[in-house]
Amino acid sequence: MPGVVLLRVMPHEMGSGMDAHERIVMELAYSNGAAQPSDFNSLLEFLVSYSRLEDGRKKLGELGALSSLLNYLSSLSPSDHNIYEQKNKYNLICTVLKILRNLCAGEISNQNTFIHCRGLEITVSLVNALLPLTLGFTQIEANFSAYIMDVCRMILQLLGNVSLAGDEHQSAIWQTFFPGIFSGFARIQNPRIHEPLCMIIYTCCKDNRGRLKELCGNSGSPIFAGLLRTSQTNGIEGDWLELLVIKICFVEPYFAHLFSSLRSREVLSVDQVRDNGDTFTPEQEYLLLVVATCLTQQMEDVSPLVNSRDCKPVLREFVAFLVELLRKAERSIGTRSATPPTLPTGFPAIDILGYSLNILRDLCACEDSPSIDMLESSETTIQTQETRSSSVVVSLISSDLVQLMIHLLRELGPPESVQSNLGSPNPNQADTGQPEVKPGSISKDNGDALPGTHSDPSLFDNGIGGETPYVHQTGKMCPYKGYRRDIVSVLANATFRRQHVQDQVREGGGLFLLLQQCVVDDYNPFLREWGLWAIRNLLEGNRENQREVAELELQNSVNTPAIAQMGLRVEIDQNTRRPKLVNIAS
């Protein structure tokens, strides 16, 4: 072999002072074209570059480079007594790991050699020496901690390349590193560790339900919690965490299991265990944010899953859990801020409420809706019936989502601009649980107080500095900025070309309620646009809804400050009964 010949002619002084492992590394480098003579570090860098080439990986593999480098790596494992003085050794370890990582990139023979030649055992020994150090970086100078982070990242990248070889390799990695060592890596809140760790876990779990179930259970919850904390602190790095969450939510039935396990004693801190008053944890909150982000930013990837027949049972289970989660979050919110904060608010219950609404809104948008021709057709095919019965929106309806959304919207009372122009409530109107809407009229009396709400704003905390709370005289305060808009948006998307949902909104008294939302509201950006979209969808192809709205008659005009500033006012034309704008001077 060329390497043996080169080694034989190599001058003796070039290898003086080197141990057997280093001599092998030198032989590998010289036999594959490294410049002679070169110092040892230069030879290693040559092998790093050469192993990036497909032909280089194959040739080095045939020369037994991987097993030789693994033996060399095992001889470099840092010792406990002088570990803080071994920066050069860590740099050397990192370089060897780079070569091993490159050798295992898509080369199946090298990947097999890594498993069969104690590669996992050697890396575990190295990891066990490193992980305890990651908990004490405050005592270690910053540049030394970077060496340790580089070694940890190289180990994970090496394992990531090996895991791509198939289930046998994934199983070996999982049995060796789950849950303890993966948990140790997950506690390192460093984005450079986070991304390759997510990649390994996703690769090991994507085609294996057993491993995915373990990850979503109590033993795997510290790993997932660590990934969420790192992502929350540093922002989501790469797509691996999102891919993992998409798999759990929309393909496999483990979301509820994972969400619950994120409140287990394995995840909670000592202070959190002591304080049992918190309904939700920050990790649960951030998990929902990741789901909402996936739906918003990866709609094209998620939509096929939402509309896949195979995923429908999982989605039905997911949305049913989500609706119950929304109910629980809404009930658990205590004192609400005078001025609604923007998401994320820092209060898990409020954030979970908001993220749940956003997820439901986007799920309704993801699912395919029947065409307008199908809506107008009097014939219902078997395929249409099957599609409707497996629909995610049908699952939402079976969870009483429409009634819940109408209830939450009614609790808020009319928007501020509508309420301020309706005048005082009519004390003679019966307390029916919803505003009275008589066919042929829209009355200012429709702003009456609703059961279960307070008509006196002084009953609420008015916040810091005596600010006027954002609360209608007939309703609750919004827990966050955009809450009313989000409720309307769920109903708007759910009613798009779905007559059964349109009918439920009408039967629940929601038509007039949604008409009230077609206004500008400072605390609910785009409320008017979502309100108009909801009304448009409620009326499309639904003659009963069209008839009910057509029978409404304008009784009074409402003059908003924006109209008044333009020197105009709204009047009702006595002949046409339609509103018109006139100059204030006239």
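Which residues does L212 touch, not counting residues up to four places away in sequence? They are C205, L244, K247, I248, E252 and Y254, where contact means heavy atoms within 4.5 Å. L212 lies in helix α13 (residues 209-216). Because its relative accessibility is 0%, L212 counts as buried; buried means under 20% relative accessible area, exposed over 50% and partly exposed in between, with a 1.4 Å probe and protein chains only. L212 and Y202 are ten residues apart in sequence and 8.7 Å apart in space, C-alpha to C-alpha.

This is a predicted model, in which local features need pLDDT of at least 70, side-chain atom pairs count only at pLDDT 80 or more, and totals for chains, interfaces and linings use all residues. Residues are numbered from 1 along each chain as its sequence is written, and side-chain values use heavy atoms, with hydrogens and water left out.

**Overall make-up**

The protein has 32 helices and two strands. Helices (H or I, at least four residues) and strands (E, at least two) are DSSP runs, numbered from the N terminus. Of the 586 residues, 50% are buried. Among contacts with a separation of 6 or more, 72% are between residues 24 or more positions apart.

Helix α6 (residues 87-103) has 17 residues and reaches 25 Å from its first C-alpha to its last, close to the expected 24 Å; the expected span is 1.5 Å times one less than the number of residues. Twelve of the 17 residues in α6 are buried, including Y90, C94, R101 and N102.

The axes of α5 (residues 65-75) and α7 (residues 108-116) come within 9 Å and cross at roughly 35°. Axes are lines fitted to C-alpha atoms, for helices over the stretch in contact, and angles run from 0 to 180 degrees between N-to-C directions. L66, S67 and L70 in α5 meet N110, T113 and F114 in α7.

**The strand pair**

Strands β1 (residues 568-572) and β2 (residues 579-583) run antiparallel and are joined by five bridges; two strands pair if DSSP finds at least two bridges between them. R569 has V582 in β2 as its bridge partner. Six residues lie between the strands of this hairpin, where R577 takes a positive phi near 60°.

**Loop residues**

Q517 is in the loop between α29 (510-515) and α30. At 0% relative accessibility, Q517 counts as buried. Leaving aside neighbours within four places in sequence, Q517 is in contact with residues including L409, P415 and R484.

E540 is in the loop between α30 (527-539) and α31 (543-550), and counts as buried at 14% relative accessibility. R497 sits in the loop between α27 (483-494) and α28 (499-507). R497 has a positive phi of about 55° although it is not a glycine, and is partly exposed with a relative accessible area of 21%.

A cis peptide bond joins F178 and P179, with omega about -5°. Another cis peptide bond joins L343 and P344, with omega about -10°.
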